[in-house]
Amino acid sequence: MYECIDGHQSWSRYWCAISNGSLKFWKHPNEEETEKDPIAIVDLSQCASERMELASKEECPRSRTLFIDVVHKRESNRLALKRFLLAADSKDDCLEWMRVTNEALRSLRFWPSDCNRV
């Protein structure tokens, strides 16, 4: 995941899983297995994009990078868009993540949002 920490921008490697309409991130796969709380959660029901897509080379020169735009509230209670850039290890992983995430987004649009909360 591409992120800005203390003014420095860099890529950080995380284990990611999709569950209950959210992308959840941990430092290591075993943290998900031990039910440790994720360090980040992207609520796909707040997604402004209809689909997760490949980023163009102009948007991100790193290959196999996907992006998704999510609406979030700022401290001032104003709504803003936040773009998440996610890079996969392989082309197959990239295509699978895009397929599964887009399936989840379609389901979230099809069913009322309160039905997706389990």
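**Salt bridges and a buried glutamate**

Arg 13 is exposed, at a relative accessible area of 63% (exposed, over 50%; buried, under 20%; partly exposed, in between; 1.4 Å probe, protein chains only). The model is predicted: local features need pLDDT of at least 70, side-chain atom pairs count only at pLDDT 80 or more, and totals for chains, interfaces and linings use all residues. Residues are numbered from 1 along each chain as its sequence is written, and side-chain values use heavy atoms, with hydrogens and water left out.

The side chain of Arg 13 forms a salt bridge with that of Asp 89 (2.7 Å, N to O). A salt bridge here is a side-chain nitrogen of Lys or Arg within 4 Å of a carboxyl oxygen of Asp or Glu. Asp 89 sits in the loop between strand E8 (79-87) and helix H2 (91-110), and Arg 13 in the loop between strand E2 (8-11) and strand E3 (15-19), so the pair ties together parts 76 residues apart in sequence. Helices (H or I, at least four residues) and strands (E, at least two) are DSSP runs, numbered from the N terminus. Asp 89 is partly exposed, at 49%. The count comes to six salt bridges.

Within helix H2, Glu 96 and Arg 99 lie three residues apart, about one turn of the helix. Their side chains meet in a salt bridge (2.7 Å, N to O). Arg 99 also pairs in this way with Glu 103 (2.7 Å, N to O). Glu 103 is partly exposed, at 40% relative accessibility.

Glu 31 lies in helix H1 (residues 29-33). Glu 31 is buried, at 12%.
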